[in-house]
Amino acid sequence: MDFQQSENQLMIAKMIQDFGEKEMKPKMMEWDESQEFPIPLFHKLGELGLMGVLVPHEYGGAGFGYHEYMTAIVELSKIDGSIGLSMAAHNSLCTGHILQFGNEEQKQKYLPLLASGKWIGAWGLTEPNTGSDAGNMKTVAKLDGDHYVLNGAKNFITHGKSGNVAVVIARTGETGDSHGMTAFIVERGTEGFKAGRKENKLGMRASETTEMIFEDCRVHKDNVLGNVGDGFVQSLKILDGGRISIASLALGIAEGALNAAIQYSKERHQFNQPISKFQGISFKLSEMATKVEAARLLIQRTADMKNKGLKINKESAMAKLYASEISVEVANDAVQMFGGYGYTKDYPVEKFYRDAKLCTIGEGTSEIQKLVISRAILE
Ligand SMILES: Cc1cc2nc3c(=O)[nH]c(=O)nc-3n(C[C@H](O)[C@H](O)[C@H](O)COP(=O)(O)OP(=O)(O)OC[C@H]3O[C@@H](n4cnc5c(N)ncnc54)[C@H](O)[C@@H]3O)c2cc1C
């Protein structure tokens, strides 16, 4: 595998850096303060091809592979993790599920809308009482003529209110049966489908996180993704790929925090010298930089395997576990290096610190990644 960035990756990175300077940096703290999910920004990301990075050209996407996808998320998250998270959830989860398991008609109908950013996608697996243990979900879908009738609630759903369409996993069989769940495409505006409470979060505040409620929501059986009963198994596959994106999100946040810390350490003077001259600071920066590069390598390896169609269950869990844990550590060290200023909103590191924590929780906590890894190595 080639560790050099390809021309496409360099082009994507430059494009996002320019876009970020103009469209994100001037407003991101405002979005963060007010928890505004900036929908028009996502329409613009769509125009740049970033809302359908992995979607083939024939369905209106950019047709790239996982290396380019990783670059896009890292670069967005170096600026604002919230935007990286929403872009990742849209691409990997909703769009990815339809791309991987949809039939031709479903792909023709939904992928061009999602890949262009005209529509924003949501993906509902988690429920109030079943997060890590998603297989025990309570939301049910009962067949009634040509329709399934959905009842239940999903929580912590990215774009649960603003998403134009959601992929929703619901129980169609017995509790405890991993083949007793099915994935449905549910459009916003479908009767019986509404958004519930919006979460007030520690970080990732510009990424909308909302409850989705289903009350006798009738979904035509044409909207079943793949086979009835396959929804949970499909979801585990979607999460394997999704973990590359959350690992990339974590890497981008860590890199953003590291870059800010390097710059600040050269500018801030104490005891008549830049603080970077203190070995306590320069050694800390060395450790932070090494962790960032180690995370990058784990993600690159997983992206390479995914592009080659190899099984990535263990590798994506390792990449996600390591990148998210070091992201929190690096952001924490960056805040420390900024001293009192690091604790204020005048500098970017407090936001990196708050945003990083989500990465150890979303799309499977660190403990669940260890479960996946231990199962694989003890097999
Ligand atoms: C900002 C945000 C966005 C999200 N977006 C989405 C989305 O778009 N779609 C979606 O479906 N979900 C989404 N989620 C949900 C997310 O995936 C879950 O929060 C996560 O999987 C953890 O589930 P939980 O919160 O119920 O925690 P729990 O499962 O209740 O876990 C509580 C604690 O117990 C630990 N634990 C649980 N089981 C074990 C075990 N077997 N061994 C050891 N420790 C264990 C966990 O690691 C954790 O520390 C989002 C969450 C957040 C915060």
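This is a predicted model: local features need pLDDT of at least 70, side-chain atom pairs count only at pLDDT 80 or more; totals for chains, interfaces and linings use all residues.
Two strands are taken to pair if DSSP finds at least two bridges between them.

Strand 4 (residues 165-171) runs antiparallel to strand 5, and seven bridges link the two. Strand 5 itself spans residues 181-187, and six of its seven residues are buried, so the strand is largely enclosed by the rest of the structure.

Strand 2 (residues 140-144) and strand 3 (residues 147-158) are antiparallel and are joined by five bridges. Val140 has Asn151 of strand 3 opposite it. The two strands make a hairpin with two residues between them, and Gly145 in the turn has a positive phi of about 65°. Strand 3 is also paired with strand 7 (residues 209-220), in an antiparallel arrangement that counts nine bridges. In this pairing, Val149 has Arg218 of strand 7 as its bridge partner.

The loop that leads from strand 3 to strand 4 holds Ser162. Is Ser162 buried or exposed? Its relative accessible area is 12%; because buried means under 20%, Ser162 counts as buried. Setting aside residues up to four places away in sequence, Ser162 touches Phe37, Ile39, Ile120, Arg188 and Glu208.

Another loop residue worth a look is Gln35, which sits between helix 2 (28-34) and helix 3 (39-47). Gln35 is likewise classed as buried, because its relative accessibility is 10%. Which residues does Gln35 contact, beyond its neighbours within four places in sequence? The list consists of Lys198, Glu199, Asn200, Lys201 and Arg205. For Lys201, the C-alpha atom lies 8.4 Å from that of Gln35, although the two residues are 166 residues apart along the chain. With Glu199 there is a polar approach as well: a polar atom of the Gln35 side chain is 3.3 Å from the backbone oxygen of Glu199.

Turning to the helices, Lys237 belongs to helix 7 (residues 231-267). Lys237 has a relative accessible area of 43% and is therefore partly exposed. Apart from neighbours within four places in sequence, Lys237 is in contact with Gln100 and Phe101. Between the C-alpha atoms of Lys237 and Gly117 there are 24 Å, with 120 residues separating the pair along the chain.

Two packed helices are described by the angle between their axes and the distance between the axes. For helix 9 (residues 313-337) and helix 11 (residues 366-377), the angle is about 145° and the axes are 9 Å apart. The crossing of these two helices is left-handed. On the helix 9 side, the contact is made by Asn313, Lys314, Ala317, Met318, Lys320, Leu321, Ser324 and Glu325. Helix 11 contributes Ser366, Gln369, Lys370, Val372, Ile373, Ala376 and Ile377.

Technical notes
Residues are numbered from 1 along each chain as its sequence is written. Side-chain values use heavy atoms; hydrogens and water are left out. Axes are lines fitted to C-alpha atoms, for helices over the stretch in contact, and angles run from 0 to 180 degrees between N-to-C directions. Helices (H or I, at least four residues) and strands (E, at least two) are DSSP runs, numbered from the N terminus. A crossing is left-handed if the near helix is turned anticlockwise from the far one by less than a right angle, and right-handed if clockwise. Contact means heavy atoms within 4.5 Å. Buried means under 20% relative accessible area, exposed over 50%, partly exposed in between (1.4 Å probe, protein chains only). A polar contact is a pair of N or O atoms within 3.5 Å; within protein, one must be able to donate a hydrogen and the other to accept it, and residues adjacent in sequence count only if both atoms are side-chain atoms.
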